[in-house]
Amino acid sequence: MTDYQNILDDISSGYKETKERGKIASYIPELAKVNESKFGIHLVDLNKNNFCAGHSKEAFSIQSISKVLSLALAFSLVDNALLKRVDVEPSGDPFNHLSLLEFENGIPRNPLINAGALVVADVLVSELDNPKKDFLQFVRDLANDQTIDFDEKVAKSEKRTGFKNYAAANLLKSYGNLKNDVETVLDFYFHQCSMAMDCEQLTKAFFPFMNGGKCQRNRNYLTLSQVKRINAIMLTCGFYDEAGEFAFEIGLPGKSGVGGGIVAVLPRKYCVAVWSPGLNAKGNSKLGMEALEKLTTATHQSIF
Ligand code: DON
């Protein structure tokens with residue numbers, strides 16, 4: 001049996017003295033307050049054995065990782081109708097670029113870039129009775145943890161400085177690809193991104209993506225086809241203009257956030273979450289990417 005604990009301990013202790021930790025995101029001012037020396041990792045296997053190291057129980061802002069959870073809920077509500085409004089091709093561009101959106105008449109390249117996630121948010125605002133509350137409840141139930149919450153300070157902070165997202169939402173609206181008003185959709189989106197979770201909670205919430213759609217309590221959230229499709233979107237689009245590099249170095253479907261978190265899954269084997277707030281030039285956690293490369297290399301396991 002793979003000695004996950006030993007591997008995680010080695011990875012985590014190797015980073016204690018590391019000076020080059022990347023740069024903390026500051027375009028959302030509240031995120032810049034995080035201590036850059038943090039590093040945490042948690043892995044849960046298919047049999048629900050848990051392994052962790054470092055600051056794995058400290059909550060951080062999940063940011064774009066939430067886009068996978070909102071996509072899962074939207075898919076479960078409207079299934080393939082979603083694909084009329086958002087494509088599933090990698091963009092090769094940074095997460096907040098808008099040029100392709102104009103070229104492609106308001107149809108975002110995929111649901112994990114910001115424009116695509118705004119369309120998904122719009123679907124949820126239309127479909128849910130109480131969008132923010134119902135989405136939060138969906139994540140709490142997925143992770144079987146009722147303590148998970150939005151971080152209002154982070155949501156407000158992004159609302160004050162989220163000019164690119166205002167631009168994206170207005171562009172989508174001008175192409176008729178946003179049904180609700182811009183303010184309502186952005187308020188939902190800033191809240192979903194502000195959700196605070198630790199590495200362990202993230203592995204629980206992402207358990208269905210490695211377990212054929214079933215959460216740790218064996219409740220079914222997604223069909224096998226939806227799991228296949230969401231994992232494919234994570235693999236090809238989860239790291240924006242670094243998706244190729246992530247597939248090349250790590251070889252797992254995954255998703256990053258500018259809070260420094262990354263979640264990745266090895267279907268039918270394990271789900272792993274890592275957190276280190278410093279980002280590389282492409283906006284993905286620097287040590288997080290390196291740690292996951294070490295994990296898949298040491299275990300000789302990847303989807304390839
Ligand atoms: O919309 C934004 O800019 C942020 N709320 C989320 C961006 C993000 O996490 C990109 N991922 N690496």
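Aspartate 187 and lysine 132 meet through their side chains in a salt bridge, at 2.7 Å from N to O, where a salt bridge is a side-chain nitrogen of Lys or Arg within 4 Å of a carboxyl oxygen of Asp or Glu. This pair links distant parts of the chain, since aspartate 187 belongs to helix α8 (residues 182-194) and lysine 132 to helix α5 (residues 131-143), 55 residues apart. Helices (H or I, at least four residues) and strands (E, at least two) are DSSP runs that are numbered from the N terminus. Aspartate 187 is partly exposed at a relative accessible area of 24%, and lysine 132 is partly exposed at 29%; here buried means under 20% relative accessible area, exposed means over 50%, and partly exposed lies in between, with a 1.4 Å probe and protein chains only.

The model is a predicted one, in which local features need pLDDT of at least 70 and side-chain atom pairs count only at pLDDT 80 or more, while totals for chains, interfaces and linings use all residues. Residues are numbered from 1 along each chain as its sequence is written, and side-chain values use heavy atoms, with hydrogens and water left out.

The structure holds nine salt bridges, and three of these pairs, including the one described above, are set out here.

| Pair | N to O distance |
|---|---|
| aspartate 187 and lysine 132 | 2.7 Å |
| lysine 286 and glutamate 290 | 3.0 Å |
| lysine 38 and glutamate 58 | 3.2 Å |

Turning to the cysteines, a search of the whole structure finds zero disulfides, a disulfide being a pair of cysteine sulfur atoms within 2.5 Å. Cysteine 52 counts as partly exposed at 28% relative accessibility, while cysteine 199 counts as buried at 0%.

As for the chain as a whole, there are 13 helices and seven strands, and the C-alpha trace spans about 55 × 40 × 35 Å along its principal axes. A compact globule of 304 residues would have a radius of gyration near 19 Å, and the 18 Å of this chain agrees with that; the radius is taken over C-alpha atoms, and the globule rule is 2.2 Å times the number of residues to the power 0.38. Buried residues make up 58% of the 304 residues.

Among contacts (heavy atoms within 4.5 Å) between residues at least 6 apart in sequence, 68% join residues at least 24 apart. The chain exposes about 12,300 Å², of which carbon and sulfur atoms supply 51%, with accessible areas coming from the Shrake-Rupley method with a 1.4 Å probe and, for residues, only the protein chains shown counting as cover.
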